Amino acid sequence: MPTDQTVAGKSILQWQLEYPILQDVVSLKEVFWTNAKYKASSIDTLTICEKDVMDAENRWKRFAPYLAEVFEETRSTNGIIESPFVPIPHMHRYLEKKYQQALPGKLWLKCDSHLPISGSIKARGGIYEVLKHAEDLLFKHKLLTAQDDYSILDSKKFKDFFSQYSIAVGSTGNLGLSIGVISAKMGFNVTVHMSEDAKHWKKDLLRKKGVTVIEHSSDYSKAVEEGRKQAETDPDCYFIDDENSKHLFLGYAVAAIRLKNQLDAAGVIVDNDHPLFVYLPCGVGGGPGGVAFGLKLIYKEHVHCFFAEPTHSPCMLLGLLTELHDQVSVQDFGIDNKTDADGLAVGRPSRFVGKVIESLLSGIFTIDDEELYILLHALSNSENIDLEPSALAGMLGTVKLHNTIVGQEYLSANALEERLENGTHIVWATGGSLVPRKIMEGYYNKGLHLSTKKDSLSLAKFDS
């Protein structure tokens with residue numbers, strides 16, 4: 001693109017001179033950026049606090065009897081929506097061999113790809129905000145108290161009540177899926193505005209659940225704009241704003257409490273001598289931002305959170321780097337926002353999330369789409385775990401941390417080198433379990449094809 005085009009009063013060339021990393025970002029090269037504003041102790045200065053997260057966790061518990069009643073897949077956990085936490089040692093060895101890099105510590109996968117109901121991390125934020133809105137309505141009309149058994153909501157009386165109200169949301173796929181499924185189940189009239197990059201199978205599944213799906217021939221931001229417009233014309237329509245929602249954020253933040261329980265159960269220590277590194281795929285920022293915030297509340301300076309974005313959609317990186325947040329888009333820098341990682345295909349970041357995490361986040365790295373497929377193929381071979389492409393974005397986090405100059409500088413600056421052997425690295429898998437088998441086979445075969453060209457380690461089942 002022309003380097004004299006202006007963004008916030010500066011030419012692209014001026015931005016690149018000020019931040020040289022932008023030359024690679026604009027050229028769609030993979031980058032690893034560490035956050036100069038990161039402060040390990042800054043969590044205590046924020047307006048959102050631990051009390052807010054605990055309030056969200058208690059709301060989840062109140063709704064657990066209802067969820068167990070209407071979603072059979074949650075009955076084994078008594079209505080608690082939670083995902084497995086598993087070690088991936090074979091994938092760990094694959095990464096070491098492929099990149100010829102020792103990766104000290106242990107590698108784990110947080111399988112939000114297998115969350116009940118909607119099969120992605122959006123089951124946390126999306127379902128939570130619908131439940132919060134439903135509870136607010138019921139409290140307002142004195143139809144429910146916090147002391148009631150919420151399983152009573154699975155009745156004609158309450159479905160008829162909710163049918164008087166509408167819910168709207170804009171989505172690239174997974175958020176719309178989670179909100180659509182829970183809203184339709186409760187009885188709301190729900191409309192999901194979906195961008196052109198949303199997968200057709202997700203749209204089809206929503207329609208089968210009784211959700212109105214409106215497709216837009218543009219990207220995520222337009223879908224959100226249309227959802228907001230719909231709500232503005234109807235006083236009984238509630239708009240779930242993925243770009244600015246505190247409730248979505250808090251729904252995600254509860255994941256940190258659940259993860260701590262899983263870490264404790266697995267005997268994983270997190271303290272000064274046992275650092276924790278977490279790699280989170282990032283779209284608009286709500287999911288990874290909420291998780292990172294919750295983890296910082298619990299582990300403070302002992303946890304290091306990194307976001308992962310596609311090279312074609314590095315919106316949070318641009319927002320934080322330029323400090324413009326939602327006032328800048330990837331398109332402003334000539335980046336097309338076209339990626340197979342549909343859940344991450346976002347051109348403009350959340351200002352709300354960016355401001356909350358701008359001093360909590362350790363850094364961001366970008367990843368090429370082809371690498372997502374290669375990693376998808378390798379994970380399936382090595383651990384027999386199938387994910388959608390966007391869920392693999394965080395898989396190279398530990399590699400980037402160890403085999404880049406910027407990553408090594410971060411480790412040195414935080415005096416982490418001597419503690420790496422005791423470290424724990426968590427890749428947050430954000431979606432995949434609901435992907436139709438035929439489509440997943442297509443993903444796998446594409447990864448196989450790319451691996452054949454690029455990576456001899458992936459030509460056959462990985463030998464552990």
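**Exercise 1. Helix α7**

Task: Which residues of α7 are buried, and how many of its 13 residues are they?

Solution. The buried residues of α7 are Asn174, Leu175, Gly176, Leu177, Ser178, Ile179, Gly180, Val181, Ile182, Ser183 and Met186. The structure is a predicted model, and burial here means a relative accessible area under 20%. In total, eleven of the 13 residues are buried, and α7 is accordingly described as mostly covered. The next step is length: α7 comprises residues 174-186, and the distance from its first C-alpha to its last is 19 Å, close to the 18 Å expected at 1.5 Å a residue. Just after α7, glycine 187 adopts a positive phi of about 115°.

**Exercise 2. Helix α5**

Task: Determine what span the 19 residues of α5 should have, and compare it with the separation of the end C-alpha atoms.

Solution. Helix α5 covers residues 122-140. The expected span is 1.5 Å times one less than the number of residues, so the 19 residues of α5 should span 27 Å. The end C-alpha atoms are 27 Å apart, which agrees with that expectation. As to burial, 16 of the 19 residues are buried, so that α5 is mostly covered. Just after α5, lysine 142 has a positive phi of about 55°.

**Exercise 3. The crossing of α5 and α10**

Task: Classify the crossing of α5 and α10 by angle and by hand, and identify the residues in contact.

Solution. The two axes come within 7 Å and cross at roughly 125°. Angles over 145 degrees count as roughly antiparallel and those from 65 to 115 as roughly perpendicular; α5 and α10 are therefore oblique to each other. The crossing is right-handed. On the α5 side the contact is made by Lys122, Arg124, Gly125, Gly126, Tyr128, Glu129 and Lys132, and on the α10 side by His247, Leu248, Gly251, Tyr252, Ala255 and Arg258. Sorted by class, this contact has four nonpolar, four polar and five charged residues.

**Exercise 4. The crossing of α10 and α11**

Task: Repeat the analysis for α10 and α11.

Solution. Helix α10 (residues 246-265) and helix α11 (residues 286-299) have axes that come within 7 Å and cross at roughly 50°. That angle makes α10 oblique to α11. The hand of the crossing is right-handed. In α10, the contributing residues are Phe249, Tyr252, Ala253, Ala255, Ala256, Ile257, Leu259, Lys260 and Leu263; they meet Gly286, Gly287, Gly289, Gly290, Val291, Phe293, Gly294, Leu295, Ile298 and Tyr299 in α11. The residues of this contact divide into 13 nonpolar, five polar and one charged.

**Exercise 5. Two individual residues**

Solution. Beyond neighbours within four places in sequence, glycine 170 is in contact with Leu175, His193, Tyr220, Ala223, Val224 and Phe239. Leu175 is also one of the buried residues of α7. The C-alpha atoms of glycine 170 and serine 195 are separated by 7.8 Å, although 25 residues apart along the chain.

With a relative accessible area of 79%, threonine 47 is exposed. Its C-alpha atom and that of valine 356, 309 residues apart along the chain, are separated by 8.6 Å.

How values were computed
Residues are numbered from 1 along each chain as its sequence is written. This is a predicted model: local features need pLDDT of at least 70, side-chain atom pairs count only at pLDDT 80 or more; totals for chains, interfaces and linings use all residues. Side-chain values use heavy atoms; hydrogens and water are left out. Helices (H or I, at least four residues) and strands (E, at least two) are DSSP runs, numbered from the N terminus. Buried means under 20% relative accessible area, exposed over 50%, partly exposed in between (1.4 Å probe, protein chains only). Axes are lines fitted to C-alpha atoms, for helices over the stretch in contact, and angles run from 0 to 180 degrees between N-to-C directions. Angles under 35 degrees count as roughly parallel, over 145 as roughly antiparallel, 65 to 115 as roughly perpendicular and the rest as oblique. A crossing is left-handed if the near helix is turned anticlockwise from the far one by less than a right angle, and right-handed if clockwise. Contact means heavy atoms within 4.5 Å. Ala, Val, Leu, Ile, Met, Phe, Trp, Tyr, Cys and Pro count as nonpolar, Asp, Glu, Lys and Arg as charged, and the others, Gly among them, as polar.
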